[in-house]
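I opened my notebook to go through one structure from the atoms up.

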Amino acid sequence: MSLQKMSKGEKAEALFKQGLNCAQAVASAFAEELNMDIADIERLTMGFGGGIGRMREVCGTVSGMAFVISALYADEGKTSVYTRIQKVAEKFEAENGSIVCRELLGLDKNGNRCPVPEPRTEQYYKKRPCNQLVHMAADILEEFLKNN
């Protein structure tokens, strides 16, 4: 199936499985709405993956949603952008119990802060919920944008 015929969640998950990090995958799924090239989005969102620089803080999927909302609504001001980001983050948290990467992955406080990403293998996808979180975040954002 081509990326154009997929839902945003399907597109984000496919991009994640092609090697993009969580923030890049979510934000890049909205390239058309942002009127941006995916390569530019990848470059601008790279540092948000793995809970910001793989520090396991705010989940990159939430950062990806924040990037899209910022790009679409910045002209309305900070309060408008922050309000929208809080709404999608609250929905994500309600579905997953947290918006913090290490909590979503079941890691301790130190959260494995090694800056080197793990290789994307079948084993990786079996032990990490990231591809499902990417899918869910993009679906949450797609629904939010349609209704707001």
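My entries on a helix pair, rings and charges follow.

**Ground rules.** I am working with a predicted model, where local features need pLDDT of at least 70, side-chain atom pairs count only at pLDDT 80 or more, and totals for chains, interfaces and linings use all residues. Residues are numbered from 1 along each chain as its sequence is written, and side-chain values use heavy atoms, with hydrogens and water left out.

**Helix pair.** I looked up helix 1 (residues 8–17) and helix 9 (residues 130–147): their axes come within 7 Å and cross at roughly 145 degrees. Helices here are DSSP runs of H or I, at least four residues, numbered from the N terminus. Axes are lines fitted to C-alpha atoms over the stretch in contact, with angles from 0 to 180 degrees between N-to-C directions.

Which residues meet? On the helix 1 side I noted Lys8, Glu13 and Lys17 among them, and on the helix 9 side the list includes His135 and Glu142. Contact means heavy atoms within 4.5 Å.

**Charges.** I found 10 salt bridges in the structure, each a side-chain nitrogen of Lys or Arg within 4 Å of a carboxyl oxygen of Asp or Glu. One of them joins Lys17 to Glu13, with the closest N and O atoms 3.3 Å apart. These two residues are four apart in helix 1, so about one helical turn separates Lys17 from Glu13.

**Rings.** I saw the charged end of Lys8 over the ring of Phe30, 5.3 Å from its centre. Arg84 has its charged end over the ring of Tyr73, 3.8 Å from the centre. "Over" needs NZ of Lys or CZ of Arg within 6 Å of the ring centre and within 35 degrees of the ring normal.
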